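Reader: Could you take me through a protein structure, please? I am new to this and would like to ask questions as we go.

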Amino acid sequence: MSANLFEGALTERTIFKDLTVLSPHYVPEALPHRSEEVKKVVKALAPILRGEKPNNVFVYGKTGTGKTSVIKHVIRHLTEAANAEKSTTDIGIVYMNCRIGFNSKYQVLLKIVEDPYLNRPDHKERPLDGRTQMKLAGMSPTDLYKRLRKTVEANGIGLVIVLDEVDMVKDVDELIYLLTRINDEIEQVEKDGQKKLGRVVIIGITNSFSFKDKLDPRTKSTLCEEDMVFRPYNADELSTILEERIKIGLKSGVIAESNVALIAAYAAQTNGDARYALRLLQKAGEIAQKESRDRIKKEDVIAAKTGVEEDITFELVTTLPEHQQIVLYAIAELLIQGGNYKRLADMPPDILFSGEAYEGYEKACKALNRTPRTMRWFREYLNDLEMLGLVTLSVSGKGVRGNTSIIRLGSPPAEVKRILQHSLGLK
DNA sequence: CCTCCACAGGAAGCGCAGGAGT
DNA sequence: ACTCCTGCGCTTCCTGTGGAGG
């Protein structure tokens, strides 16, 4: 707890030069180790500048592998190329993250139709022509579609639609079908003395491995005309990424090469996530800065790692549904107490059986004045928690009570308990 | 070997809230 | 503003698996 709310603002900036460079949203000028991917996307989109049909692009990769950055980077260059003087094509780009407010075909369509580019005054057939937002919100998807098609057609627009986290859209199949259908229905028009043909191209981004399989086969073949997988970065690659950012984001000479390598190694262990690496770097810098030092030490990196891990668990745990929190709390509590079953002789102290865990959960519910869920649902909770990496489950080996799960906690029990006591309002 | 225990996880169904369609 | 539908969280019921004990 800081003594003064503005304490952070007062400490001298000994480490950082430009913090925005470390933010996950920052798209650098150069993208190390992703030049092949950039080339591929450029190749897929390039035809749009010649008024031809580009390929739809589908991008898959885990978090922090540079998917969004690559796409945004290419998009930036595409806009520049389209605005260059000799260019005669109209290129519109709509980017949206489907998780945040655009999780249905209707909302996606609305967002596209509201885009300022499509409603530019020098366009004819603007989608919002003579309409207020209120009226627009009452329109059916079919009307929205018609308006969009008309605008694209009348102005010969090459429209690039980027759907980030596209797996969040409930009716993706219909959405993709609708958007690609535009290409089949529109006709060539004359505008400014030139023949023009509008085009729509979709770029889908996801980190869900199973997403592709859930798609309708037809959607799959249209959306994935050009599909690419982003591999996680290895430690060396992460090092160069960090070095690039350090050059612009940090003051010179504040961190030794060996410590950058350490951060990279930590992040490489955690799925090769560049975002995580940057977070570690930032945290290490903050720790050094707090102590008014002008160099990041190895100890700072190590402390940053535990700090960031704690932050992640905290965020994960506190946003959990109540009963999952109770389950986790019960597990932590039982592990601290050493369980309530007769322990087997050679049984390690850091594990629990699901049966005793359920009893602990029932007890915790009683203490909190909640009605416990059934055993069946409790198992679902456990599986959910495993998905999030908060617990690990394994089947019991030989010699122990038939079929039962062995539960281990992903983080130190005392830490989990502390977080949950607060979050659940326990003394 | 048979039965019982302790558990895993699939299938069906239920009540509810909120969104879509009219 | 109306119903209708659908997804979600959950319970109930059930089948299957493997150890323990008679």
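Author: The conversation below goes through this predicted model, from the overall chain to single residues.

Reader: How many helices and strands are there in chain A?

Author: Chain A contains 17 helices and 10 strands. Its C-alpha atoms fill a box of roughly 85 × 55 × 45 Å, taken along the principal axes.

Reader: And what share of the residues of chain A count as buried?

Author: Chain A has 427 residues, and 46% of them count as buried. As for contacts in chain A with a separation of 6 or more, 71% are between residues 24 or more positions apart.

Reader: Let us turn to helix packing. At what angle do α11 and α12 pack?

Author: Helix α11, residues 257-269, packs against helix α12, residues 274-290, at an angle of about 140°. Their axes are 9 Å apart.

Reader: Are N271 and S292 buried or exposed?

Author: N271 has a relative accessible area of 47%, so it counts as partly exposed. S292 has 53%, and the limit for exposed is over 50%, which means that S292 counts as exposed.

Reader: Now a second pair of helices. How do α13 and α17 cross?

Author: The axes of α13 and helix α17, residues 413-424, come within 10 Å and cross at roughly 40°. Angles under 35 degrees count as roughly parallel, so α13 and α17 are oblique to each other instead. The crossing is right-handed.

Reader: Which residues are in contact, and of what types are they?

Author: On the α13 side they are E310, T313, F314, V317 and T318, and on the α17 side E415, R418, I419, L420 and S423. These divide into four nonpolar, three polar and three charged residues.

Reader: Changing topic: how many salt bridges are found in the whole structure?

Author: The search finds 17 salt bridges. One of them joins the side chains of R293 and E291, at 2.7 Å from N to O. There is also a network of salt bridges that links R149, R181 and E185.

Reader: Where do E309 and K305 lie?

Author: Both lie in helix α13, residues 298-318, four residues apart, which is about one turn of the helix. E309 forms a salt bridge with K305, with the closest N and O atoms 3.6 Å apart. The relative accessibility of E309 is 35%, so E309 counts as partly exposed.

Reader: What separates E380 and R376?

Author: They are four residues apart in helix α16, residues 375-387, so about one helical turn separates them. E380 is partly exposed at 24% relative accessibility, and R376 is partly exposed at 46%.

Reader: What is M168 in contact with, leaving aside its neighbours within four places in sequence?

Author: With those neighbours left aside, M168 is in contact with C98, R99 and N103. As for S394, which is 226 residues from M168 along the chain, the C-alpha atoms of the two are separated by 30 Å.

Conventions: Residues are numbered from 1 along each chain as its sequence is written. Chains are lettered from A and ligands numbered from 1 in the order in which they are written. This is a predicted model: local features need pLDDT of at least 70, side-chain atom pairs count only at pLDDT 80 or more; totals for chains, interfaces and linings use all residues. Side-chain values use heavy atoms; hydrogens and water are left out. A salt bridge is a side-chain nitrogen of Lys or Arg within 4 Å of a carboxyl oxygen of Asp or Glu. Helices (H or I, at least four residues) and strands (E, at least two) are DSSP runs, numbered from the N terminus. Buried means under 20% relative accessible area, exposed over 50%, partly exposed in between (1.4 Å probe, protein chains only). Axes are lines fitted to C-alpha atoms, for helices over the stretch in contact, and angles run from 0 to 180 degrees between N-to-C directions. Contact means heavy atoms within 4.5 Å. Angles under 35 degrees count as roughly parallel, over 145 as roughly antiparallel, 65 to 115 as roughly perpendicular and the rest as oblique. A crossing is left-handed if the near helix is turned anticlockwise from the far one by less than a right angle, and right-handed if clockwise. Ala, Val, Leu, Ile, Met, Phe, Trp, Tyr, Cys and Pro count as nonpolar, Asp, Glu, Lys and Arg as charged, and the others, Gly among them, as polar.
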